[in-house]
Amino acid sequence: MAMEMAPMGPKCGVEISGVELASCSDAEMQAIRQAIYEHGVAVFRDQAFSPEDHIAFAERWGGIDINNYFPLQDKYPQIAIVRKQPDQVTNIGGAWHTDHSYDQIPAMGSILVARELPPHGGDTLFAHMGAAYDALPDELKAEIDGLEAFHTADHVYKADGLYAQTDMAGDLRGHDLKTGAVHPVVIRHPHTGHKLLYVNGAFTINFVGQTREESLPLLQRLLAEAVREDNQCRVEWRPGTVAIWDNRTTWHNALNDYHGHYREMHRITLSGEALAA
Ligand code: SIN
C-alpha cells in the first residue's frame with residue numbers, strides 16, 4: 001500500500017491515503033510531517049486509532065501541550081474532549097482561530113479524531129496563512145512588516161468571559177488562568193521558511209504600541225483577507241477520520257450546524273517551538 005496525497009483545496013489541505021497512522025514507519029511519518037507543514041492540514045480516513053494510538057502517535061511528534069480549558073478524558077488526560085450536547089447551542093471552536101496563540105510558545109498543531117458525529121454537518125473549515133500572506137497587496141505587506149501583536153485567551157475563558165455567557169460554561173475549566181504573549185504579525189515557518197500571517201480573530205487583541213480601538217481596522221482587514229474562499233478547505237468528518245493540522249500555517253473554524261445532535265471529538269495538542277519573524 002503506497003501513501004498517496006490529494007489536495008483538498010487550491011491552497012490548503014491534503015488528503016493522505018495508503019497509510020495507517022497507528023503503525024506508520026519513520027519515513028511515512030517524515031512525509032506526513034512535511035505535508036502538514038506545507039499544506040497546513042492533512043486528513044486521514046478509515047483509521048483504527050484508539051486513545052492509546054492517539055497518544056503514542058502524538059508522542060512521536062515531540063511533546064504534548066495539555067489544554068487548560070477543555071474537559072480532559074478521565075483515563076487519558078493528554079486528550080482534550082471537544083463536545084457539544086444535543087441541547088447545547090454554543091460549540092467550542094466555532095469561530096476562526098488558531099489553537100494556543102496566547103502561549104509564549106504556541107502549540108505546533110493538533111491531532112483531532114472523530115469519536116461521535118452528528119448525522120449531518122459539524123464540518124471544520126481551515127484557512128492557509130501562508131497563502132493568505134502571499135495574496136496580501138504589497139502596501140499591506142509593507143504596513144505589517146515588523147509589527148508585533150498581543151494575544152490572550154482571558155476574554156474567552158475567564159469567569160466572566162465569552163464562553164461564561166453561553167451554555168458551554170459548565171463544560172470548561174481554567175477560569176482563573178491568565179494568559180498573554182506577544183508574537184510577530186508575520187512569522188516564518190520554522191521548517192519551510194514560508195512567511196505566514198500570525199494574527200487571528202479569537203485571541204489577537206491589539207498591535208504592540210496601539211490600543212484595541214486603534215488596532216481594529218487593520219486587524220479586521222487582515223482577518224477578512226485571510227479567510228478568502230480560495231485560501232480555505234473543508235474537512236467533512238466521517239467515522240475513522242483523523243485530521244492533523246499545523247497551527248502556525250492554518251486557522252480553523254468548527255461549524256455549528258447540527259443542533260439537536262451530539263458531536264464528540266478527541267484532540268491532542270502538540271508542543272511547538274519559538275516563533276520568529
Ligand atoms: C477546535 O480544535 O477548535 C475544534 C475543532 C472541531 O471541533 O472541529
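Modeller: A polar contact here is a pair of N or O atoms within 3.5 Å. This is a predicted model, where local features need pLDDT of at least 70, side-chain atom pairs count only at pLDDT 80 or more, and totals for linings use all residues. Residues are numbered from 1 along each chain as its sequence is written, and side-chain values use heavy atoms, with hydrogens and water left out.

Colleague: OK, how far is H252 from the ligand's oxygen atom?

Modeller: A polar side-chain atom of H252 is 3.1 Å from a ligand oxygen. For H97 the distance is 3.0 Å, again from a polar side-chain atom to an oxygen of the ligand. R267 has a side-chain N or O atom 2.7 Å from a ligand oxygen.

Colleague: And what else surrounds the ligand?

Modeller: The surrounding residues also include V82, L112, W245 and R263. Strands β15 (250-254) and β16 (263-270) each give at least two residues to that shell; strands are DSSP E runs of at least two residues, and helices are H or I runs of at least four, numbered from the N terminus.

Colleague: Switching topic, what's the volume of the largest pocket?

Modeller: About 350 Å³, taken as the space filled by probe spheres set on the grid points. A pocket is an open set of points on a 1 Å grid, with protein on both sides within 12 Å along at least five of seven lines, and lining residues have an atom within 4 Å of a point.

Colleague: Which helix gives the largest share of its lining?

Modeller: Helix α5 (residues 154-157), with three residues.

Technical notes
Near = heavy atom within 4 Å. Polar contact = N/O pair within 3.5 Å; in protein donor to acceptor, adjacent residues only side chain to side chain. 1 Å grid on protein atoms, 1.4 Å probe; cavity = no way out; pocket = protein on both sides within 12 Å on 5 of 7 lines; lining within 4 Å.
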